[in-house]
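Subject: Structure handover

Hi,

Here is the structure for you to look through. My notes on what turned up follow below it.

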Protein chains: 2
Amino acid sequence: MADYRAPLKDINFALFDVLKYADHYAKNQLDMIDQETTESVIEQAAKFAENVLVPLNAVGDQEGCKWDDGVVTTPTGFKEAYQQFIEAGWPSMTHHEEFGGQGLPSSLGTVLNEIVGSANWAWGMYPGLSHGCMETLFTHGTDEQKATYLPPLVSGQWTGTMCLTEPHCGTDLGMLRTKAEPQADGSYSLTGTKIFISAGEHDMSDNIVHIVLARLPDAPAGTKGISLFIVPKFLAKEDGQVGERNAVNCGALEEKMGIHGNATCVLNFDGATGYLIGQANKGLACMFTFMNTARLGTALQGLAHTELGYQKSLDYARERLQMRSLTGAKNPEGPADPIIVHPDVRRMLLTQKALAEGGRMLAYFAAQQLDVTKYSTDDAAKAHADQLLSLLTPIAKAFMTETGFEASSLAMQCFGGHGYIREWGVEQNMRDSRIAMLYEGTTGVQALDLLGRKVLGTQGETLKVFTKLIYKFCQANVDNESLKEFVEPLTSHNKEWGELTMHIGLTALENADEVGAASVDYLMYSGYIALAYFWALAAETAQQKLDSGDGDADFYKAKLATAQFYFQRILPRTRTHHDCIKSGVGNLMALSSDQFSF
Amino acid sequence: MADYRAPLKDINFALFDVLKYADHYAKNQLDMIDQETTESVIEQAAKFAENVLVPLNAVGDQEGCKWDDGVVTTPTGFKEAYQQFIEAGWPSMTHHEEFGGQGLPSSLGTVLNEIVGSANWAWGMYPGLSHGCMETLFTHGTDEQKATYLPPLVSGQWTGTMCLTEPHCGTDLGMLRTKAEPQADGSYSLTGTKIFISAGEHDMSDNIVHIVLARLPDAPAGTKGISLFIVPKFLAKEDGQVGERNAVNCGALEEKMGIHGNATCVLNFDGATGYLIGQANKGLACMFTFMNTARLGTALQGLAHTELGYQKSLDYARERLQMRSLTGAKNPEGPADPIIVHPDVRRMLLTQKALAEGGRMLAYFAAQQLDVTKYSTDDAAKAHADQLLSLLTPIAKAFMTETGFEASSLAMQCFGGHGYIREWGVEQNMRDSRIAMLYEGTTGVQALDLLGRKVLGTQGETLKVFTKLIYKFCQANVDNESLKEFVEPLTSHNKEWGELTMHIGLTALENADEVGAASVDYLMYSGYIALAYFWALAAETAQQKLDSGDGDADFYKAKLATAQFYFQRILPRTRTHHDCIKSGVGNLMALSSDQFSF
């Protein structure tokens, strides 16, 4: 049974060859790190993930978390692995030195999260959730709040959560009911029920810092009356130690399809003590800091399950002997050929491979933009990166998780009936992957964010920032014969993308529902073009390496062949999305609610 | 929480309005039954499924089957439900009167299996597997074998299985190793291990009749050395009662992703007594009788999960209040609008609806052809039906299970995060549905059967039988303005289908791998066109009903609107499959096995 091994060569190719991370570091005051150090950090992360986290992946799925009167016990080994993770200093890697962090680029955290998440997504969620909590505190907290909560969160001694969802509202946060009553000492008393709180209660850290959305007594209705509060499981004492137990308790764990190793909690706030972060009634805006980070983090989940499924199914396809190649035996001494000789098995493997490597480039490119917004001193560069990030975040989140689920299913399909059985781990991989299309905003929510807010909401300006990059690449390579097969379709798709956007914008002026009708097809369409751009970049890079005679020719040839596969067998999916978008809203709105069934 | 209700109005529309089952009965010596009786039988089946099987669906998933030293216990209530099923005479419905059957049309069994399977697929597999076992005995058994085994199987007192797969071979049955040694008394002694045997051991029936593939000692290697044996769990005594326990034992149950209510067994044959069915070394040919039935049965699984998921998500979409319609509040008194107002939720619901109702027409059409091959006295009609069935079986099996899985995932998506939680039943529905793309021949195996054997293997003759039907329909409606939006794209797709087939046939002359490279895209492409034909038929029927003023106008308007949705939002998927097929085998074969990873 194949276990996950971090694909170091692919990771480094994406970072340093395609996306020129060495230049990126140099340009953005990130000279505390160079290519060699980065590679060595990544290697250490890979060792930890492979040796410590991989063996716990199936354990987490099979044992799950246990609830006993509010106390949650994580699966065997989870707590000890977390202790090792802290001791090695991983939680603090990308955080500010002021609070005990190592100050390394946030993009390096993306690579760490990919590797940890591919090894064991459910485990990775415990430190993963802390990350967004820290971002929110760092951006919106008072100096005192930062001094109190950030050091133990940065060191990993404490973990964090985000408490948004209530039983009657998830997407529609304007409906939330949790109340925060001001107390005489300046704190608040929180009462209400939150559900679906990942890592909401567990035994891995000394304390858990909940960031909670709630309403003040005089708050306006809807989203304009939401405030943000810090509610620690144990109140913090002045010396930084944990004090009194707060009135926030885990009422139950959800029974889920997958990610059983992570505790998904119902949290009851029964007059729990909380502290306002940021301004009253401005909580939702503050939340977006957290949510964008979380969305990019969830995009990595799509990549993680794609990579893990790919590795497992590739290994199986090389070993499993079944039938003969239609063009003559390829393993004549054996009783049958390995199934990797069959074109349809290759189609399934290459789809996974093209999506994994393409998704990785997209994720690392987004991480690069995040670095620029954080570390650059050039305001124009920051604004540019911010626009790219705002466009690419919903695409990365929804496109990578949708294709991640598809890839996890293809991995299973390569195993035939064996894939449906627990022992190979591909059915767990598929169950684990499915949540990523739902949490942190469903695909539908991301699609409305992309098309409604990011694209049409800026009159297409945000989109143009990205299509211009593509246009420049295509122009620069217009006479490059060896890249013709990529540049030509990329050019025409890029042009069509703009036209299609214009078309939707015009129809939406007549009927606002045109936006919702087009949105998910538009998001997927955009994702396929974005990946085409990165695959074209990869092809250009690989071709240059081959031309120069540098490095492992087989590796670069494989990149070119995968780029060809992507352009010939994945990119044509835009044809269907294009036609569906063009079909308009009419075919969706014809039926009354009653006419859906008789 | 919505429970399954058999969609009687849709079922009857497909049978009697679209597919003219009353004429079909009259033409095929099936005058023992008419529309009224059929409707009443279906209503009884619906009552049984809704009252007895629906409540056991989640129980089966959560309890699973228990193994204790070879003894398998099914989930609480399964055995009692099966007793009621037998008492009501359901197992015998479509079987020959000679063996205690009721002699009703086999197509009625399709409707029964759809309803039972939608209510509780894992339960339905116990009687479902018997069906194919009976077909094999009926077609290939000796008179004595039929007299011994058919009556208790027909009555349901005994159940049956099919034992093909071994640990090292599933698709590639030529590799199987189970041995059958001839004994002095004319019986055989079977030794070997079979895996993935659904309903292989359980506590629901008095005896289990295994149909087992094995090799005689002098058998040629490969598929030409496979024979078929009857191996009963208990040997049959002359009086028809069960006798001595045979040496076939359940060594373990598989831990699976879903269908936990069904026992998936490892069966050990340790010198078990067996009896040859049919000729020695001709077992694989006999098997195809069984496998075709099983494949059509599995196609229904796609329909079952699509329908169940649709009902659950529709109900949720009507109840769940979240956000406002972009075109203004539709439920102004409530805190938010029901999510069915949102175009993207409608897209997900309509996709499920169009696939469920379209798949149902395809399944009932195939069942009609099966009736003709069984009951018609017109040799030309039988040959015609046999060709249609041979073409449509792999399409129905693979296309309906692939889209069934997609639909089950869309059902979950309508629930947002709640869909991932056990309580709503949509995550079970999705887990249960996933096996259907694997067992009874994976999608890849069906696709090779379709393109290689059925289509190219007959120089396109089999395909033409179906495309001619479509052509005739289009010609008959060429001037029908109200059907223009269906007839025009159907005409062009039908023409393209032939051209694309010719194209693949030509490239395959150069390189046999072109068949495998095109196969799955070709199968899905074919499925979308087949469903377009049935949706066009449904539109024609609905339009006629509306023109005549007969019946429930809202119902027929909904059919027309769903047909429009299908043509505008589902049929465009052929564009992508078309382009992928045209891209050829080159992009799949470029990499050596080693180059898939570095």
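D552(B) caps helix 16 of chain B at its N-terminal end. One of its side-chain oxygens lies 3.1 Å from the backbone nitrogen of D554(B). Bear in mind throughout that this is a predicted model.

Helix 16 of chain B covers residues 553–570, which makes 18 residues. From first C-alpha to last, helix 16 of chain B reaches 25 Å. That is close to the 26 Å expected at 1.5 Å a residue. The helix is mostly covered, with 13 of its 18 residues buried.

T562(B) sits in this helix. Its relative accessibility is 0%, so T562(B) counts as buried. What does T562(B) touch, beyond residues up to four places away in sequence? The contacts are L591(A), K353(B), A354(B) and W535(B). Note that L591(A) in that list belongs to chain A.

Now chain A. Helix 16 of chain A also runs over residues 553–570 and has 18 residues. Its first and last C-alpha atoms are 25 Å apart, close to the expected 26 Å. Of its 18 residues, 13 are buried, so helix 16 of chain A is largely enclosed by the rest of the structure. At its start, a side-chain oxygen of D552(A) comes to within 3.1 Å of the backbone nitrogen of D554(A).

**Where the two helices 10 meet**

Helix 10 spans residues 379–414 in chain A and 379–414 in chain B. The two axes come within 13 Å and cross at roughly 145°. The crossing is right-handed.

Which residues make the contact between helix 10 of chain A and helix 10 of chain B? From chain A they are E402(A), F405(A), S409(A) and Q413(A). From chain B they are E402(B), F405(B), S409(B) and Q413(B). As background, an α-helix has 3.6 residues a turn, so residues three or four places apart point the same way.

K454(B) lies in helix 12, residues 443–455 of chain B. Is K454(B) buried or exposed? The cut-off for buried is under 20% relative accessible area. K454(B) is at 10% relative accessibility, so it counts as buried. A polar atom of its side chain lies 2.9 Å from the backbone oxygen of S390(B). S390(B) is also one of its contacts, along with P394(B), D449(B) and T462(B), leaving out residues up to four places away in sequence.

K66(B) is in strand 1 of chain B, residues 66–68. With a relative accessible area of 46%, K66(B) is partly exposed. A polar atom of the K66(B) side chain lies 3.1 Å from the backbone oxygen of E63(B). Not counting residues up to four places away in sequence, K66(B) touches V71(B), V72(B), T73(B) and L253(B).

**A loop residue in chain A**

I33(A) is in the loop between helix 2 (21–27) and helix 3 (35–63) of chain A. At a relative accessible area of 4%, I33(A) is buried. Its contacts, setting aside neighbours within four places in sequence, are Y25(A), T38(A), L104(A), P105(A) and L108(A). I33(A) and T191(A) are 158 residues apart in sequence, and their C-alpha atoms are 46 Å apart in space.

Best wishes

Technical notes:
Residues are numbered from 1 along each chain as its sequence is written. Chains are lettered from A and ligands numbered from 1 in the order in which they are written. This is a predicted model: local features need pLDDT of at least 70, side-chain atom pairs count only at pLDDT 80 or more; totals for chains, interfaces and linings use all residues. Side-chain values use heavy atoms; hydrogens and water are left out. Axes are lines fitted to C-alpha atoms, for helices over the stretch in contact, and angles run from 0 to 180 degrees between N-to-C directions. Helices (H or I, at least four residues) and strands (E, at least two) are DSSP runs, numbered from the N terminus. A crossing is left-handed if the near helix is turned anticlockwise from the far one by less than a right angle, and right-handed if clockwise. Contact means heavy atoms within 4.5 Å. The expected span of a helix is 1.5 Å times one less than its number of residues. Buried means under 20% relative accessible area, exposed over 50%, partly exposed in between (1.4 Å probe, protein chains only). A polar contact is a pair of N or O atoms within 3.5 Å; within protein, one must be able to donate a hydrogen and the other to accept it, and residues adjacent in sequence count only if both atoms are side-chain atoms.
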